[in-house]
Amino acid sequence: RFFAPLGWRFSPWDCQITHFFRVDRVGFNPNPIEVPAKPTKEHLNRTKLYQCTVPGIRVYFADPEHRRQVQDPNTCLWIAEYDPSKERFIGWNCLLRLCVNGERLSASSLKNYNKKKYRGRPFIDLKDLLRRSSGKDIVQTIDGECQLRITLEKDLTMWRAMWQRESKQKTLAEIDSLFEVHRIVLALGYKLGPEEFIASHLPALGEKRYRPDVKEDVLEARSELSFKDPCSFLRICHPVRGADCDHFECFDLKTFLQHLAERQNFDRARCPNCQKEIERIVYDPEVKAALDQYPRCDRLQVEFKPHGPWVVVR
């Protein structure tokens, strides 16, 4: 069992995780394997070089509760890569391919990835991939045991080509050593929609009231507070902002989550107001109180006081 720090920074918002299973050491065959590629218009009979995990990862669901949950069609089984030095899940490398129960799965498309880093979203739903690929169940019973077999493959052909374009001074051995795989984590749980997330997680979001740096010799500092979401232009219902954002404006949590759900191939969320990367979101109770107090207003004029809350001046 592996417990990682949970929160906006460490796992995707739509993952309601109940159990973690960790693989500390992932061993790859040191000798690349040649696999014939499918013929294409540009390269016929081109071979690809892979390094495969030896032996493959086997997960045994001995606990009846785990076995019942993983066989439930409403549950998800995510695979992720965890970097202990950064204490967070990192985007899945699109050149790290998956083979589940003997079935090779395409985790993503290159065109949906950041081409510089070759990484996409951090959590990949194995059950959904296998269901769309072959319609098979994620768990097999082998020798009377309920288990899951996973093999990882490094696509060395594309990895070497990428690095040789960017750095011609490195040797193949140095380039291959850069393809490091950290801890592999399997996460068992449920996928949440925006409304489900708000209903279950809104009380757990941290609160942060906006306090600008107003000096003592300044008589008054005024600003305008808009009640409209910057993306949907509709009235904000749940005012939030990034924990590291230093602006007064908020955005609507539900609208923000809906946009994230539509952009599943991106593992970085950005503030719609300042475009700063968001690792954690916070709730502003003072803005929420103003929304409730002025239901017919689209914006307010507010005044900031040194060492105190802001006040409405209309």
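This is a predicted model: local features need pLDDT of at least 70, side-chain atom pairs count only at pLDDT 80 or more; totals for chains, interfaces and linings use all residues.
A disulfide is a covalent bond between the sulfur atoms of two cysteines. The structure holds zero disulfides, and Cys274 illustrates this, since the cysteine sulfur nearest to its own is that of Cys245, at 3.7 Å. Because a disulfide requires two cysteine sulfur atoms within 2.5 Å, Cys274 is in no disulfide.

## Aromatic pairs

A pair of aromatic rings is described by the distance of the centres and the angle of the planes. In this structure there are twelve aromatic pairs, and one of them joins Phe89 and Phe123, whose ring centres are 4.8 Å apart and whose planes stand at 90 degrees, an edge-to-face arrangement. Phe89 belongs to strand β6 (residues 88-90), while Phe123 lies in the loop between β8 (103-105) and β9 (124-125), so the pair ties together parts that are 34 residues apart in sequence. Both Phe89 and Phe123 are buried.

A further pair is made by Phe248 and Phe304, which counts as edge-to-face because the planes of the rings meet at 75 degrees, with their centres 5.2 Å apart. This pair links distant parts of the chain, 56 residues apart: Phe248 is in the loop between β15 (239-242) and β16 (251-252), and Phe304 is in strand β20 (residues 299-304). Phe248 has a relative accessibility of 3% and so counts as buried, and Phe304, with a relative accessible area of 7%, is buried as well.

Ring pairs can also join into a group, and here they link Phe20, Trp78, Tyr82, Phe89 and Phe123 into a cluster.

## A buried lysine and charges over rings

Lys154 is found in strand β11 (residues 145-155). Although Lys154 is buried, it has no salt bridge, and the nearest side chain of opposite charge, that of Asp176, is 8.0 Å away. The charged end of Lys154 instead sits over the ring of Phe28, 4.4 Å from the centre of that ring.

Setting aside neighbours within four places in sequence, the residues in contact with Lys154 include Phe28, Leu49, Tyr50, Leu95 and Phe179. Tyr50 has a charge over its own ring, for the charged end of Arg104 sits there at 5.2 Å from the ring centre.

Note on methods:
Residues are numbered from 1 along each chain as its sequence is written. Side-chain values use heavy atoms; hydrogens and water are left out. Helices (H or I, at least four residues) and strands (E, at least two) are DSSP runs, numbered from the N terminus. Buried means under 20% relative accessible area, exposed over 50%, partly exposed in between (1.4 Å probe, protein chains only). Lys and Arg count as positive and Asp and Glu as negative; His and the chain ends are not counted. A salt bridge is a side-chain nitrogen of Lys or Arg within 4 Å of a carboxyl oxygen of Asp or Glu. Contact means heavy atoms within 4.5 Å. Rings of Phe, Tyr and Trp (its six-membered ring) pair if their centres lie within 6.5 Å; planes under 30 degrees apart count as stacked, over 60 as edge-to-face and the rest as tilted. A charge sits over a ring if NZ of Lys or CZ of Arg is within 6 Å of the ring centre and within 35 degrees of the ring normal.
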